[in-house]
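Please keep the sequence and the three-dimensional view at hand while reading.

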Amino acid sequence: MDEGVRLQKVLAAAGLGSRRACEILISDGRVEVDGALVTQLGARVDPQTAVIRVDGARIEVRDEFEYLALNKPRGVLSAMSDSRGRKTVGDLVADRSERLFHVGRLDADSEGLLLLTNDGELAHRLMHPSFEIVKVYLATVTGSVGRDVGRLLRAGVDLEDGPVRVDRFRVVDSAPRRALVEVALHEGRKHIVRRLLAEVGHPVQRLVRTSIGPIRLGSQRAGDVRQLSRTEVGELQDLVGKSL
């Protein structure tokens, strides 16, 4: 740590408070660098390679990448452009100078959380099936959902391209002719939620993705874009084991 940038300066630039406040964080033993506790105020780090945690939470300290959360509206394509002139995710971030790309997809009729970034390595890991990133959806479905449906989905259902099972399933609300259900799964096959629910007799009328791993849609309005916090980015990196 003899070369690089002073740790308190890096923390302050990452939005952890004033430089003095960050010095207190260090002195109080709340900061780790590359797995080691740091309490010396003169410590220096390389922001491009150091893995920094405050109170155990990983903090993103680099500035060259963008990480965005979009609430994709229904009818918008998960693409950055379209030769046929249809509205795309790219149109919603057209005012940004960075060359962004979407992480995974939502079909045009589906809504909800979609991540965008220019960090190719993180995006690749988030999309790779080996990391089994859990995504949560709210689906409005046809018909009253019986108790056996959840057991069936958790046990696994055979589709034409192979079996699939959900990680979690619950009925949020129900009415005589339709229900609102929550589905959590780590599968990424095309139209997987729609196909799965249709297979058990409950076609989807509306589908909204509410979370991807630790990132949640919350109260974000349709079409709105927000920047992920440095803590959220750190959580994603931890999730896929990405070192800086």
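Which strand gives the largest share of the lining of the second largest pocket? The answer is strand 15, which contributes three residues.

## Basis of the report

The structure is a predicted model, in which local features need pLDDT of at least 70, side-chain atom pairs count only at pLDDT 80 or more, and totals for chains, interfaces and linings use all residues. Residues are numbered from 1 along each chain as its sequence is written, and side-chain values use heavy atoms, with hydrogens and water left out.

Helices (H or I, at least four residues) and strands (E, at least two) are DSSP runs, numbered from the N terminus.

## The second largest pocket

A pocket is defined on a 1 Å grid over the protein atoms alone, as an open set of points where a 1.4 Å probe fits, with protein on both sides within 12 Å along at least five of seven lines; lining residues have an atom within 4 Å of a point. Grid points are joined across faces, edges and corners, and a volume is the space filled by probe spheres set on the points.

The second largest pocket holds about 180 Å³ of space. Its lining consists of Asn71, Glu111, Leu138, Thr140, Leu180, Arg206, Val208, Thr210, Leu217 and Ala222. Strand 10 and strand 15 each provide at least two of the lining residues. For the classes, Ala, Val, Leu, Ile, Met, Phe, Trp, Tyr, Cys and Pro count as nonpolar, Asp, Glu, Lys and Arg as charged, and the others, Gly among them, as polar. On this basis the lining has five nonpolar, three polar and two charged residues.

## The largest pocket

The largest pocket has a volume of about 730 Å³. It is lined by 31 residues, and those closest to its centre are Arg105, Leu106, Gly188, Arg189 and Arg209. Helix 4 (120–127), strand 10, helix 6 (192–199) and strand 15 are the elements that give two or more residues to this lining. By class, the lining of the largest pocket comprises 15 nonpolar, seven polar and nine charged residues.

Helix 6 is largely enclosed by the rest of the structure, because six of its eight residues are buried (buried means under 20% relative accessible area, exposed over 50%, and partly exposed in between, with a 1.4 Å probe and protein chains only). The buried residues of helix 6 are Ile192, Val193, Arg194, Arg195, Leu196 and Leu197. Just after helix 6, Gly201 adopts a positive phi of about 90°.

## Strand 10 and its partners

Two strands pair if DSSP finds at least two bridges between them. Strand 10 (residues 135–142) runs antiparallel to strand 14 (residues 178–185), and eight bridges join the two. In this pairing, Val141 stands opposite Ala179 of strand 14. Strand 10 is also antiparallel to strand 15 (residues 204–212), to which seven bridges join it; here Val136 has Ser211 as its bridge partner. Six of the eight residues of strand 10 are buried, so this strand is largely enclosed by the rest of the structure.

Leaving out residues up to four places away in sequence, Glu182 is in contact (heavy atoms within 4.5 Å) with Val136, Tyr137, Leu138, Arg168, Phe169, Arg170 and Val172.

## The open sheet and its loops

Four strands form an open sheet with antiparallel pairing, in the order 3-2-5-6. Strand 3 (36–37) and strand 6 (57–59) are the edge strands, each pairing on one side only. Three bridges join strand 2 (residues 31–33) to strand 5 (residues 52–54), and Glu32 stands opposite Arg53 in strand 5.

Two loops of this region contain a residue that has a positive phi although it is not a glycine. Asp34, in the loop between strand 2 and strand 3, has a phi of about 55° and counts as exposed at 55% relative accessibility. Asp55, in the loop between strand 5 and strand 6, has a positive phi of about 55°.

## Pro47

Pro47 belongs to the loop between strand 4 (44–45) and strand 5. With a relative accessible area of 17%, Pro47 is buried. Beyond its neighbours within four places in sequence, Pro47 is in contact with Val5, Val10, Val61 and Arg62. Pro47 and Val10 are 37 residues apart in sequence, and their C-alpha atoms are 7.1 Å apart in space.
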